[in-house]
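Please look over the sequence and the model shown below. A short report on its parts follows.

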Amino acid sequence: MFDLHIHSTYSDGKLDPESIIINLKEQKIQGFSITDHDCIAGLEEAATISKMCNIKFIPGIEFGVSYNGREIHILGYFIDYKNEKLNDFVIKLQENRKVRISNTLIRLNELGVKINESSLNIYKGSDFISRSHIAMYLVDNNYVKSINEAFEKYLGESGSAYIEKNEVELKDVLDIIKISSGVSILAHPFKMKEKEIIDIINSGIDGIEVINSKHSRDTIINLMKIVDKYNLIPTAGSDCHGRLYDENYLMGKFLSPNSSIKRLESLHNLRK
Ligand code: AMP
Ligand code: MN
Ligand code: MN
Ligand code: MN
């Protein structure tokens, strides 16, 4: 059984690959994937430590794409993270992130929030930057009481400092996953209508993340029906960002069966 959705310090997760692996080993989890946002920088390190620790590792990524005027997420598994086109694509996404965050900071200053790029350094685990790092600063400096409020008041779609993301198309992301011999999975579609999910299936997605820490029982049952009907690969993952819930991490608590891992790997082998 594998936890296929974990964020590390290479995006907005609190734990580095080594700490993630130590925790999963303690829980006797067989394997996992690291799926950082638009980022592959932690994969080589995770692969090396996994080998030493005798735990199975599947290189992953979580892309944000624009769909019907909002953002949805697409997971890529078994990606060849040395692929040149994938590397070029990801570099561009990271540059877009920097521009977006810098525009968000300008907007926040206009709104009276005293914040600059170096304010975020203590929250960053790498070069990667996201709105969640800004949210942590806003909480620590008493502009808001919680991360959720930071998104509601300032950073989320209805927030006063919201800056649109530079659009990345679904087709481009599905193509780049295929080019790097990966397998594409629609991430946590709990807010999507069935019609939209079918539309994504028709665009060529390989599977759906049926189980995620954000999914209710009903969502899981409905998604499983869709997966069966369209013969897609079902996956599961915690979406752990390293936060503690009742003194436990989410990682290792939402697991993909080995039958799904086999299907992901077979498809990957066909695309090599
Ligand atoms: P970005 O990648 O810069 O668009 O930032 C989005 C990240 O912020 C997501 O990956 C989530 O981890 C986090 N996030 C988004 N909305 C919320 C929210 N309402 N509460 C807490 N975290 C959020
Ligand atoms: Mn995140
Ligand atoms: Mn996501
Ligand atoms: Mn995620």
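How many of the 10 residues of helix H4 (residues 131–140) are buried? The count is 7, so H4 is mostly covered. Buried means under 20% relative accessible area, exposed means over 50%, and partly exposed lies in between, with a 1.4 Å probe and protein chains only. This is a predicted model, where local features need pLDDT of at least 70 and side-chain atom pairs count only at pLDDT 80 or more, while totals for chains, interfaces and linings use all residues. Residues are numbered from 1 along each chain as its sequence is written, chains are lettered from A and ligands numbered from 1 in the order in which they are written, and side-chain values use heavy atoms, with hydrogens and water left out.

**Helices**

Helices (H or I, at least four residues) and strands (E, at least two) are DSSP runs, numbered from the N terminus. The buried residues of H4 are Ser132, His133, Ile134, Ala135, Met136, Tyr137 and Leu138. Their cover includes helix H3 (84–110) and helix H5 (147–155). Just after H4, Asn142 has a positive phi of about 60°.

Now take H1 and helix H2 (residues 43–53). Their axes come within 9 Å and cross at roughly 35°. Axes are lines fitted to C-alpha atoms, for helices over the stretch in contact, and angles run from 0 to 180 degrees between N-to-C directions. Contact means heavy atoms within 4.5 Å. On the H1 side, Pro17, Glu18, Ile21 and Lys25 take part; they meet Glu45, Ala46, Ile49, Ser50 and Cys53 in H2. The residues of this contact divide into 5 nonpolar, 1 polar and 3 charged.

**The sheet**

An open sheet of 7 strands has the order S1-S2-S3-S4-S5-S6-S7, with mixed pairing. S1 and S7 stand at the edges with a single partner strand each, so one side of each has no neighbour in the sheet. Two strands pair if DSSP finds at least two bridges between them. S1 and strand S2 (residues 31–34) run parallel and are joined by 2 bridges. Asp3 has Phe32 in S2 as its bridge partner. Helix H8 (residues 217–229) lies across strand S6 (207–212) and S7, at about 160° to S6.

Ser184 sits in strand S5 (residues 183–186). Is Ser184 buried or exposed? Ser184 is buried, because its relative accessible area is 3%. Ser184 touches residues including Ile74, Leu75 and Gly204, not counting those up to four places away in sequence.

**The manganese ions**

Donors are N, O and S atoms within 2.8 Å of the metal (3.2 Å for Na, K and Ca); water is not among the atoms, so sites may look incomplete.

| Ion | Protein donors | Distance |
|---|---|---|
| manganese ion (ligand 2) | Asp12 (OD), His37 (NE2), His241 (NE2) | 2.2 Å |
| manganese ion (ligand 3) | Glu62 (OE), His73 (ND1), His188 (NE2) | 2.1 to 2.2 Å |

The donors of the manganese ion (ligand 2) are spaced D-x24-H-x203-H. Asp12 lies in the loop between strand S1 (2–3) and helix H1 (17–26), and His241 in the loop between strand S7 (233–237) and strand S8 (244–245), 229 residues apart. Both Asp12 and His241 are buried. The manganese ion (ligand 2) is 5.2 Å from the manganese ion (ligand 4).

The manganese ion (ligand 3) is 3.4 Å from the manganese ion (ligand 4), and Glu62 coordinates both. Glu62 is in strand S3 (residues 56–67) and His73 in strand S4 (residues 70–77), 11 residues apart. Glu62 counts as buried because its relative accessibility is 1%. His73 is buried too, at 16%.

Key: Ala, Val, Leu, Ile, Met, Phe, Trp, Tyr, Cys and Pro count as nonpolar, Asp, Glu, Lys and Arg as charged, and the others, Gly among them, as polar.
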